[in-house]
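Here is a short briefing for a reader who is meeting this structure for the first time. Please look over the sequence and the model below, then follow the points topic by topic.

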Amino acid sequence: MESPGRRQLYRGQRDATWRTIPSLFREKDAAGALRQLASAIPRIQGCLPSASEEQAVAVAQHYSKELGVATWLLDMTYDPRVALFFASDGGEADKVGVVACLGQKEWDELSAGGTNRMGPLRVIDVPGVLRIERQRASFLDTSHPDLFDQYVAHSVWFRQVRGLRFEDPDADFPVTAGRIYPADDPVCAALLRASPSAEGVLHLVPAGDALAPLDASAYFEIVQSWCRQEGVEIDAYREDTLRVVCDVHARLQEQRDRFALPDRSLARLQDAVNLIIRAQRSDSFITPQKALQWSLSRLPPATRELLETIIADCAHTRDLC
């Protein structure tokens, strides 16, 4: 469903195997990429004098190919049909495309109202730019890219057919290539005419930890926020189990080739934490294996055996055997 209030945001990708990582975090020299972005901001604000700095960063993301810059934002749209257009535009035969839906309510729950390391979802809108308006685009400022990845948005997959692209010319808001990429784009033309700035100052920066790898302590901070959100204080009797679960979750991220993303998602971590919260409320002991029972139950035998080995190893490390 369309969501003008941005309670749902959509993203289409031609290849479902691509990780959803902002372009800045794919750069080998992130500091250099930030300097290059900073030099583009005066150029953008010269063409769009009313644009704030964060809106200028959003414009830089939208015209990243034309400007040759990378940002920490993600292109999204509140119209699933626009997302499907992008997901199918230029798709290779037999590849699997995907349209993913991010829900504000779910993110709020996992981020404990934006208080933990995931942070709140910040949506940036830029009015008055034709191509952005035609694409019903918004720009998402998230936290750590791995946390966004582990959120695992609701997704619809489809098999690509060469030369077949979704369009909807007869809708009240038509979706066609001509409208998505208007031939007369005054902002793009102005940006290409403008002289590049020698330097610029960027006051906005991505989350300070966005390029650092997440470890078990980072996940422990997140699960503690979930416990506080439920009004539950985990005592020392069950805290060891909670820490082992976070150790296991961190280890799973190191074996992406063995564990599919849904099996190492924040939802699976939350399943385990909910069982520990239940044990705390009932004053009963719970082992790490019992806490992770839902993750274990979803795996094929060989992968389940590997997870059991990881659980035992993490428990042994913390002397919880």
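Predicted model: local features only at pLDDT ≥ 70, side-chain atom pairs only at ≥ 80, totals over all residues.

**The crossing of α10 and α12**

- Seen as a crossing, the arrangement of α10 and α12 is right-handed.
- On the side of α10, the contact is made by Tyr219, Val223, Trp226 and Cys227, while α12 contributes Leu266, Leu269, Gln270, Val273 and Ile277.
- Sorted by class, the residues in the contact of α10 with α12 comprise eight nonpolar and one polar, with no charged residues.

**Asp15, in a loop**

- Asp15 is located in the loop that runs between β1 (8-13) and α1 (30-47).
- Asp15 has a relative accessibility of 12%, and because buried means under 20% relative accessible area, Asp15 counts as buried.
- Through its side chain, Asp15 makes a polar contact with the side chain of Thr17, at 2.6 Å.
- When residues up to four places away in sequence are not counted, Asp15 touches Lys95 and Val96.

- With a relative accessibility of 6%, Ala40 counts as buried.
- Between Ala40 and Arg19 there are 26 Å in space, taken from C-alpha to C-alpha, and the two are 21 residues apart in sequence.

**Leu306, in helix α15**

- Leu306 belongs to helix α15, which covers residues 301-317.
- The relative accessible area of Leu306 is 18%, and Leu306 is therefore buried.
- If its neighbours within four places in sequence are left aside, Leu306 is in contact with Gln255, Arg258 and Phe259.
- Leu306 and Gly113 are separated by 34 Å in space, from C-alpha to C-alpha, and they stand 193 residues apart in sequence.

Terms used. Residues numbered from 1 in each chain as written. Heavy atoms only, no water. Helix = DSSP H or I, 4+ residues; strand = E, 2+ residues; numbered from the N terminus. Buried < 20%, exposed > 50% of the residue type's maximum accessible area, 1.4 Å probe, protein only. Polar contact = N/O pair within 3.5 Å; in protein donor to acceptor, adjacent residues only side chain to side chain. Contact = heavy atoms within 4.5 Å. Left-handed = near helix turned anticlockwise from the far one by under 90°. Nonpolar A, V, L, I, M, F, W, Y, C, P; charged D, E, K, R; others polar.
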